[in-house]
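Come along while I go through them.

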Amino acid sequence: MSGQAKNIEPRRLYQQIADQIRELIENGEFQAGARLPAERELAQKLGVSRPSLREALIALEIDGSVEIRMGSGVYVSAEPVQSPGRTKSLGESPSELMQARAALEGSTVLLATSRIDAQALETLRATLDAMRIEIDAGRKPLDQDRQFHVLIAEQSGNSVLARLVGDLFDERHSPISAQFRVKFEDRDTWVYALQEHEAILAALEAKDSLLAQATMHSHLDSSRRRWVEN
């Protein structure tokens, strides 16, 4: 084989679904300004899950093809949008991202439980106290959330795992994940997250590795459902 092979970025599922919806719009099945079918109906029509459909609709909103009106529905943009061809990558699938975090952080917290010391536990407690202050002030404690998860990963004693946990967390800043945060995160979702963090810390303080793993899995699964499935 001659020449250097080009790196081809894999097409994420939400990109493929967004392309299908855009094709229906361009073919006239959904007119400009018209409301798309309800989420359940559209998911059945396309043969996809509702979380994957929701990611596709967020991607289409970002590129201007649709408008999501909370409590009303999803509407084809009234103004014609120059077709970008195929939907570009806007970051990892938020649903898959949270599943990956649950798998990885379930392992790191298991390792951390037997290694964590009093000073690290105090730092985790201070982080949750700071998180509570931010929530009470009406702010989103994203920095404290990241610190909590990365500190636990660092206590695993494996620097590679700690780096991966930080990298996956930072994917929350991608365009598609950031748009989910804008639409579906509020004070209540952060209050729930804080309560779940408290349960993880309690398990670490008790040196109960299986409970720590279970509470971490539960927290990240609940976060996924709040964030992606709403």
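**The cavity**

I found that α10 gives the most to the lining of the largest cavity, with 5 residues. This is a predicted model, so to speak plainly about limits: local features need pLDDT of at least 70, side-chain atom pairs count only at pLDDT 80 or more, and totals for chains, interfaces and linings use all residues. Residues are numbered from 1 along each chain as its sequence is written, and side-chain values use heavy atoms, leaving out hydrogens and water.

I noted a volume of about 170 Å³ for the largest cavity. Its lining has 15 residues, and R172, E185, A193, S223 and R226 lie nearest the centre. Elements that give two or more residues to this lining are α4, α6 (142-154), α9 (187-205) and α10. By class I read 6 nonpolar, 4 polar and 5 charged residues. (Ala, Val, Leu, Ile, Met, Phe, Trp, Tyr, Cys and Pro count as nonpolar, Asp, Glu, Lys and Arg as charged, and the others, Gly among them, as polar.)

My terms: on a 1 Å grid over the protein atoms alone, a cavity is a set of points where a 1.4 Å probe fits but cannot get out, while a pocket is an open set with protein on both sides within 12 Å along at least five of seven lines; lining residues have an atom within 4 Å of a point.

**The pocket**

I then turned to the largest pocket, with a volume of about 300 Å³. It is lined by 18 residues, and E39, L57, I68, G73 and V74 lie nearest its centre. Here α3 gives the most, with 3 residues. The lining divides into 10 nonpolar, 4 polar and 4 charged residues.

**Helix pairs**

I looked up α4 (residues 94-115) and α10 (residues 209-229), which pack at an angle of about 165° with axes 8 Å apart. I recorded 12 nonpolar, 8 polar and 3 charged residues for the contact of α4 with α10.

Next came α3 (residues 50-62) and α8 (residues 175-184), packing at about 100° with axes 10 Å apart. That makes α3 roughly perpendicular to α8. Among the residues in contact are I58 and I62 of α3 and F180 and F184 of α8. I counted 6 nonpolar, 1 polar and 4 charged residues in the contact of α3 with α8.

Technical notes: Axes fitted to C-alpha atoms, helices over the stretch in contact; angles between N-to-C directions. Helix = DSSP H or I, 4+ residues; strand = E, 2+ residues; numbered from the N terminus. Parallel < 35°, antiparallel > 145°, perpendicular 65-115°, else oblique. Contact = heavy atoms within 4.5 Å. Points joined across faces, edges and corners; volume = space filled by probe spheres on them.
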